[in-house]
Amino acid sequence: MISFSVAFDPNRGIGIRGSLPWHLKDELKIFKQNTLYKNILMGQTTFDTLPRKLTDRYITVVSIDPDYTAEDAEVTHDLIAFLKEHENDETEYIVCGGASIYRQAYPYAKKAYISFVKQAYEVDAYFDVYDENDWIVSKEVDYPDFVYRELKRKGADMTRKDGNIYVPFEDRKGNESIVYFTRDISPAGIKKAYEKVNANICGKVAIKLHTGEKNGPNIIPAKWVKEVMESCESLKDATIIETNTYYEGDRYTTEQHRETLEVNGWTFCPVDITDEEGTVDLPVEGGNWFDHMTVGSHMVNYDSLFTLTHFKGHTQGGFGGSNKNIGIGCADGRIGKAMIHSSEKGQWATREEELMEKISESTKATIDFFGKHVTYVNVMRNMSVSCDCEGLAAAPVVTPNVGILASTDICAIDSACVDLVHAMTQEQHHDLWERMQSRHGFRQLSYMKELGMGNDRYILIDLDNDEVRISAKEAVKDVIPFKRVEF
Ligand SMILES: NC(=O)c1ccc[n+]([C@@H]2O[C@H](COP(=O)([O-])OP(=O)(O)OC[C@H]3O[C@@H](n4cnc5c(N)ncnc54)[C@H](OP(=O)(O)O)[C@@H]3O)[C@@H](O)[C@H]2O)c1
């Protein structure tokens, strides 16, 4: 898909003597937020006159000069061929000027990020082809010096449909984060993994985990969590946090939920049902679907968040990793979860890419709230294709247990778990892989990356073998057929 990002004044002016006519800090911030980790395209003049290098973006420069080269950027000499090649891609290519490039790219663009600068400036370059009748405004924010709008071209279908396509590690672009891995699936394994990523967990700590439906057979055992909390200094006074469910079951009301917590053994530390007294709205920066997410009101009482996730399949999300644990698990039981799951077509009508994107935006609201004080451990054990919400009705586990992963990067840890499932043999991963793919679950990963939530590339560190870097294949090479072990 082609889109463009531009700022113009009331006369459609965009530049003067090769530079921007204005210096608008908020506008530059929006530009950065919209383009970070994305593919961007700009003319040679614009590229050569950038006041500072644009990092963490995949830049293509358009130049007529066959000998032109650009530092840290690709070069194309045929703009129209480039636009034609990418106009139907699922990946977004953002045209970032200048005047001649905007003019030629305009007919191909389906989406636009425009800052309408309020004051008129002295200009010599224009975005003269823009016609407001071509567009529908999907978002508008008023700033002192400009009005920012996001627009979709009338009649354009922009929903991505590639959430069922797995992108192999070697085809991904961008930075790498660290993901730790141990095969030791035990409280000691969780502790070992957590202690690698807990540097910023301090103050009043919330642990978000799935406490499960009554007697759910696959959840991380309460006894294990108790042991981990007792042995890790930063977790000694932590509180487990949960929210009520959107479906009518054993955790629909606070009263039912408390009874279920008791049955499942979550009695050794405080469990805060964060939405029992109401809700709070957290902003979603850069979201396509939401500008806020509604979460339990108690959420804002915590300084740090430890996301302890049972990684497994999920009936609608394809898989449940850290993203699903937070995105669904922190949204409150009546408003937030309805925003994610429901539409005028029904309570559970939101599916596939739209669902993955909404879950990820919800997660972003929470992790942005905690800033650097959030960390993730995913436990790849008892991986049914069903979520822990299905309790005793969950499909029997057939996928081998793999291990425990830890990272401070949510996109990296969930990407690594998906890669580890992928790296198993067809016989080993068949059911879980089918569940992820058929629900278009991979869109969780690509969308988290687009939202700037993290990297889908990572360095996998083997905690069991001198902390050397290993591949996903090496991590799963000794897995054995699943056998249920009771605790
Ligand atoms: N306000 C904003 O949001 C914004 C954003 C970006 C830039 N700007 C402003 O825009 C101004 C620059 O605009 P500009 O039009 O002078 O320069 P430009 O669009 O940045 O770059 C033009 C370059 O692209 C080449 N080119 C154009 N069409 C091509 C094609 N079809 N195939 C291959 N090469 C092609 C041109 O070659 P030729 O020389 O042969 O034509 C020239 O080298 C600056 O003032 C800048 O600050 C404003």
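Eight strands make up an open sheet with mixed pairing, running in the order β5-β4-β3-β6-β1-β7-β10-β9. Strands here are DSSP runs of E, at least two residues long, and helices are runs of H or I, at least four, both numbered from the N terminus; two strands pair if DSSP finds at least two bridges between them. At the edges sit β5 (73–76) and β9 (135–142), each with a single partner strand, so one side of each has no neighbour in the sheet. On average, neighbouring strands are turned by 25° against each other, direction ignored. (Axes are lines fitted to C-alpha atoms, for helices over the stretch in contact, and angles between N-to-C directions run from 0 to 180 degrees.) Helix α1 (residues 25–35) packs on this sheet, touching β1 (2–8), β3, β6 (93–95), β7 (109–117) and β10 (146–153); contact means C-beta atoms, placed from the backbone, within 7 Å. The direction of α1 makes about 175° with that of β1.

Strands β3 (residues 39–43) and β4 (residues 58–62) pair in the parallel sense over five bridges, with L41 opposite T60 in β4.

All of this comes from a predicted model, where local features need pLDDT of at least 70 and side-chain atom pairs count only at pLDDT 80 or more, while totals for chains, interfaces and linings use all residues. Residues are numbered from 1 along each chain as its sequence is written.

As for the whole chain, its secondary structure comes to 14 helices and 23 strands, and its C-alpha atoms fill a box of roughly 75 × 45 × 40 Å along the principal axes.

Technical notes. Two residues are in contact if their C-beta atoms, placed from the backbone, lie within 7 Å.
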